[in-house]
Amino acid sequence: MRIMVTGGAGFIGSALIRHLLDHTDHQVLNLDKLTYAGNLESLLSVADSPRYQFLQADIADSETVAAALAQFQPDAVMHLAAESHVDRSIDGPAAFIQTNIVGTYALLESTRAYWAQLDEQRKQRFRFHHISTDEVYGDLHGVDDLFTETTPYAPSSPYSASKAASDHLVRAWQRTYGLPVLLSNCSNNYGPFHFPEKLIPLVILNALDGKPLPVYGNGQQVRDWLYVEDHARALLKVVSEGVVGETYNIGGHNEQKNIDVVRSICALLDELAPRRDAGAGAGGYEILITYVKDRPGHDLRYAIDASKVERELGWKPQETFASGLRKTVRWYLDNLDWCRRVQDGSYQRERLGAL
Ligand code: NAD
């Protein structure tokens with residue numbers, strides 16, 4: 001297949017592209033605007049592949065996207081480009097409305113125009129795969145409740161509301177125009193190359209610097225964690241074998257309270273990189289845990305029923321939370337250069353210099 005991936009310089013997009021180039025023969029065009037979250041250094045291992053191309057572009061720039069589609073001639077578009085950080089959506093929702101809703105609309109229209117002029121056989125084979133989140137479902141209150149593909153949408157934050165809107169647009173483009181779409185809604189991802197503003201990398205890096213480890217509210221919020229490479233494998237299954245018009249929920253069966261995630265990271269660091277900072281005499285990393293004012297509208301619990309993708313597409317996560325978290329902590333310890341270059345902004349400055 002020839003696959004155009006939007007947002008391929010981000011956390012999940014880069015894992016997907018590494019997976020596609022390492023484990024398939026597919027050709028990939030990575031179309032990414034390179035916002036603060038886009039980091040081409042996450043793709044260094046595959047950047048020289050003859051099957052990989054990069055184009056810096058905004059999904060809302062219809063002219064450039066149309067030209068890219070016409071030239072690359074994809075068999076599938078996998079749409080991951082988004083503003084993705086809930087806290088940023090609370091501080092400044094405009095960028096979320098622009099990229100996640102207006103941008104998705106523009107991309108759907110550019111894709112529809114491209115798809116409409118394909119010959120009948122390629123038209124049938126073409127797929128538009130929209131990558132979304134379990135946060136569109138709001139939160140769960142019953143201990144045993146799980147999000148299924150038919151759970152009603154009830155988003156809580158500007159981020160999840162904008163993703164919910166984009167999901168509706170994608171479904172409407174299938175119902176109204178016949179565009180062959182697929183959707184997948186996934187739980188929280190973690191793993192290598194995760195931007196250090198997100199919980200797991202933030203805690204690892206703050207701990208190594210002897211800084212406070214911030215936990216929102218009482219830390220009892222439950223998230224269902226999926227190792228990012230398991231997500232990449234699921235996305236490949238969905239785009240290659242999924243049934244047009246269907247939605248697949250993807251999750252790791254790894255429900256964890258936020259406070260327990262932070263404690264597990266502390267325990268791994270105590271084992272793999274014991275404290276050497278000024279306060280080291282006071283005890284292990286757990287002592288750095290600091291409770292901070294809860295996020296407004298903070299959802300209490302998310303948990304995914306992933307039985308459909310398991311049953312129909314034969315996908316299962318390979319990592320448990322314990323094995324995935326250990327790999328993740330090790331990766332951060334071995335790749336502190338990547339982290340420091342994100343933290344000090346040099347990944348962006350050098351990129352601008354190169355353009
Ligand atoms: P990310 O923030 O790490 O990456 C987003 C990428 O999109 C960046 O490379 C950025 O430069 C690019 N981008 C942003 N606006 C763009 C625009 N207008 N045009 C082109 N490119 C643009 O995000 P992520 O964590 O990799 O998430 C990828 C997708 O998966 C998102 O759609 C997100 O909603 C969804 N998702 C994320 C998670 C998670 O836990 N991270 C879970 C489920 C679903």
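How many nonpolar, polar and charged residues does the shell around the ligand have? The close-ups below take up this question and a few others, using a predicted model.

**View 1. The shell around the ligand, by residue class and by element.** Sorted by class, the shell has 13 nonpolar residues, 11 polar ones and 4 charged ones. Turning to the elements behind it, at least two shell residues come from each of α1 (11-23), β5 (127-133), α6 (158-177) and β7 (188-190). Strand β5 makes the biggest contribution to the shell, giving 3 residues.

**View 2. The nearest residues around the ligand.** Here we move in on Ile12, Asp32, Ser84, Tyr159 and Lys163, which come nearest among the 28 residues around the ligand.

View 3. For Thr99, the distance from an N or O atom of the side chain to a nitrogen atom of the ligand is 3.1 Å. Asn189 takes part through its backbone: one of its backbone N or O atoms is 2.8 Å from a ligand oxygen atom. How much of the ligand does the protein cover? On its own the ligand has 840 Å² of accessible area, and the protein covers 96% of it.

**View 4. Helix α2 packed with helix α4.** Let us now look at a pair of helices. Two packed helices are described by the angle between their axes and the distance between those axes. For α2 (residues 62-72) and α4 (residues 94-116), the angle is about 40° and the axes are 9 Å apart. The crossing of α2 past α4 is right-handed.

**View 5. Residues where α2 meets α4.** On the α2 side are Ser62, Val65, Leu69 and Ala70. Their partners in α4 are Ala106, Leu107, Ser110, Thr111 and Tyr114. By class, this contact has 6 nonpolar and 3 polar residues, with no charged ones.

Definitions and conventions:
Residues numbered from 1 in each chain as written. Predicted model: local features only at pLDDT ≥ 70, side-chain atom pairs only at ≥ 80, totals over all residues. Heavy atoms only, no water. Axes fitted to C-alpha atoms, helices over the stretch in contact; angles between N-to-C directions. Helix = DSSP H or I, 4+ residues; strand = E, 2+ residues; numbered from the N terminus. Left-handed = near helix turned anticlockwise from the far one by under 90°. Contact = heavy atoms within 4.5 Å. Nonpolar A, V, L, I, M, F, W, Y, C, P; charged D, E, K, R; others polar. Near = heavy atom within 4 Å. Polar contact = N/O pair within 3.5 Å; in protein donor to acceptor, adjacent residues only side chain to side chain. Areas by Shrake-Rupley, 256 points an atom, 1.4 Å probe, with all protein chains shown as cover.
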